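Here's a quick tour of a protein model for anyone new to reading structures. Have a look at the fold first, then work through the points below.

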Amino acid sequence: MFGARMRTGMSFRMLLAMWGLLLLGGRSEARDVYVRLASGGSFSVAGEQGITLSDGEQRSHSLGSSVSIGLRGGKVVVGKQVFALPVRLSSPGLLRFNKRSYRGDFLLTRQGFLLNVLHLEDYLCGVLPAEVGTKWPMEALRVQAIISRTYVLRQSMNRSARGYDVTDSVSDQVYRGAGVETARTNQAVQSTAGEILVYGKDLAFTPFHSDSGGHTANNADVWGKVLPYLGGVREPVDYRSPNASWTAKISRDRVEAALAKIGGGSVAPLSEIRIAETDKGGRATKLTFVGGGGSKTFKSSLFRTAVGPNLLKSTMLTAVSEKAPRPAPPMADDGAVPEVRESDWLPDIPGPRPSEGLPRAPVPTSNEPLTSKQEERLTRMTADGVFSTTELMDMLKNPEKKKGYLYLGIQRGGGKEKSPAPPPKKAVPARSVEPPRAKAPLPSTGAAIVREGDTFIFRGSGWGHGVGLSQWGTLALAKAGWNAERILEHYYPGTDVKRYR
């Protein structure tokens with residue numbers, strides 16, 4: 001999440017006043033969210049019950065159930081018809097674009113953007129299933145609804161400059177439209193309707209990430225601004241996530257290319273990387289790069305973004321020496337949850353933004369049916385959260401890929417028969433469940449990243465920028481009995497939950 005510069009805050013009282021004036025004017029514009037789905041070129045759009053086009057001159061035109069739209073010379077071209085921008089497309093039912101269904105309208109703007117314009121609460125219904133596990137405890141889902149609502153409202157303050165509020169990707173927060181909605185995530189949105197997080201009179205900045213690795217980061221170390229409620233906190237409940245430990249082998253060439261992006265190209269040829277500074281939680285905040293051209297020190301978060309945040313998953317580095325004990329292999333959580341996405345707020349640096357997830361080979365197809373035992377194991381894998389939401393949907397749509405996914409799941413170690421569960425232990429009150437998170441040793445200042453030939457080997461824990469709320473940490477706290485308000489107070493200390501209406 002979060003791909004543009006952190007916006008200057010507006011007073012919460014001013015925001016309420018602005019919303020009140022707009023609501024008095026009739027149409028609830030202030031409650032609408034403008035989501036960028038695409039930009040430039042041509043688009044194919046469909047409507048369940050036909051499409052109506054309203055042009056820049058406020059004239060309406062019926063277009064049928066599906067149309068191809070092109071943007072040429074600042075105009076919208078549909079077949080032989082040409083319309084002045086902006087153009088709004090509406091339908092009595094859902095609209096479809098890029099194989100996804102959407103509530104609300106589509107808007108083609110003078111900047112060449114295709115936007116989905118819809119009610120704030122409807123937008124959140126398409127965010128939650130894409131950001132967290134739909135089967136997570138309700139309190140964890142409620143937390144995500146509140147911080148996602150707060151985030152998009154902050155972004156809407158800068159709509160006039162961007163031309164939209166948010167994108168539909170990890171550069172803001174993932175949004176997949178009406179097709180991913182579930183009853184549970186919709187319930188979380190409805191039960192928190194209008195609830196936002198504030199610090200004093202201002203909307204809080206509510207960044208979140210997948211897994212902190214044991215201790216969240218200080219906003220000042222990552223994005224340079226001191227915020228009292230984003231100073232970094234320890235995870236109070238021990239938990240295991242798919243990224244409890246990881247190893248990233250990065251070539252010297254790739255490291256040097258990343259350094260060139262952030263102003264460290266003169267260091268090459270690179271010979272050594274050292275931990276220059278750590279924070280109170282043991283997270284590496286600065287790295288020093290040493291080479292034939294001298295040495296330079298950069299924020300580790302800046303380097304991580306440049307080298308690829310899906311490759312160097314976090315700056316919570318663990319064992320940095322071959323002699324140090326390796327962390328235990330990551331274990332999947334016991335809930336039926338999808339993989340939580342990287343939700344990174346990326347600083348503006350030259351070059352394309354890294355895509356979510358590392359590429360892997362396509363899953364092969366096979367018409368050979370699974371045996372009953374194979375079906376049972378595949379079922380256990382889905383229950384154990386071995387596959388992401390995208391993979392599960394792909395499997396449902398393409399049954400011929402089931403065997404390929406079975407083999408993929410076996411490679412991930414999923415679906416094994418479990419031993420009988422031990423007798424249940426006596427429940428421990430939530431407030432007393434605060435053991436330190438078990439993890440590999442943290443590096444000390446001056447420790448070197450392991451190098452093998454022309455490859456640097458980073459080992460770490462967690463996934464994401466580390467600032468604000470940890471989604472896997474939230475899952476653990478919700479399972480321990482914490483309610484949404486207490487979880488938010490932990491990750492954003494000093495903030496309060498308020499209603500904007």
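Which residues of helix 14 are buried? They are A484, R486, I487, L488, H490 and Y491, where buried means under 20% relative accessible area, exposed means over 50% and partly exposed lies in between (1.4 Å probe, protein chains only). Keep in mind that this is a predicted model: local features need pLDDT of at least 70, side-chain atom pairs count only at pLDDT 80 or more, and totals for chains, interfaces and linings use all residues. Residues are numbered from 1 along each chain as its sequence is written, and side-chain values use heavy atoms, with hydrogens and water left out.

- Helices (H or I, at least four residues) and strands (E, at least two) are DSSP runs, numbered from the N terminus.
- Six of the eight residues in helix 14 are buried, so that helix is mostly covered.
- Those buried residues pack against helix 4, strand 12 (195-199), strand 21 (469-470), helix 13 and strand 22 (496-499).
- Helix 13 is mostly covered too, with eight of its nine residues buried.
- Helix 3 (128-131), helix 4 and strand 14 (208-209) are among the elements covering the buried residues of helix 13.
- Helix 13 (residues 471-479) and helix 14 (residues 484-491) pack at about 140 degrees, with their axes 10 Å apart; axes are lines fitted to C-alpha atoms, for helices over the stretch in contact, and angles run from 0 to 180 degrees between N-to-C directions.
- The two helices are therefore oblique to each other, since angles under 35 degrees count as roughly parallel, over 145 as roughly antiparallel, 65 to 115 as roughly perpendicular and the rest as oblique.
- G473, T474, L477 and A478 of helix 13 are in contact (heavy atoms within 4.5 Å) with I487, H490 and Y491 of helix 14.

**The nonpolar cores**

- A nonpolar core is a set of buried Ala, Val, Leu, Ile, Met, Phe, Trp, Tyr and Cys residues joined through side-chain atoms within 4.5 Å.
- The largest one has 77 residues, and V45, L89, F106, Y123 and Y492 touch the most other members.
- Helix 4 (residues 138-156) gives the most to this core, with 10 residues.
- Apart from it lies another core of 25 residues, including W246, I250, I275 and V307.

**A closer look at L118**

- L118 sits in strand 10 (residues 113-119), and its relative accessibility is 3%, which means it counts as buried.
- Beyond four places in sequence, L118 touches residues including R31, D32, R103 and Y175.
- Although L118 and Y34 are 84 residues apart in sequence, their C-alpha atoms are 7.0 Å apart in space.

- Most residues other than glycine have a negative phi, and most peptide bonds are trans.
- L85 and P86 are joined by a cis peptide bond, with omega about -5 degrees, and P86 is in the loop between strand 5 (81-84) and strand 6 (87-90).
- Another cis peptide bond joins A268 and P269, with omega about 0 degrees.
- N98 isn't a glycine, yet its phi is positive at about 55 degrees; N98 is exposed, with a relative accessible area of 52%.
- K99 also has a positive phi, about 65 degrees, without being a glycine; K99 is exposed as well, at 77% relative accessible area.
- K99 is found in the loop between strand 7 and strand 8.
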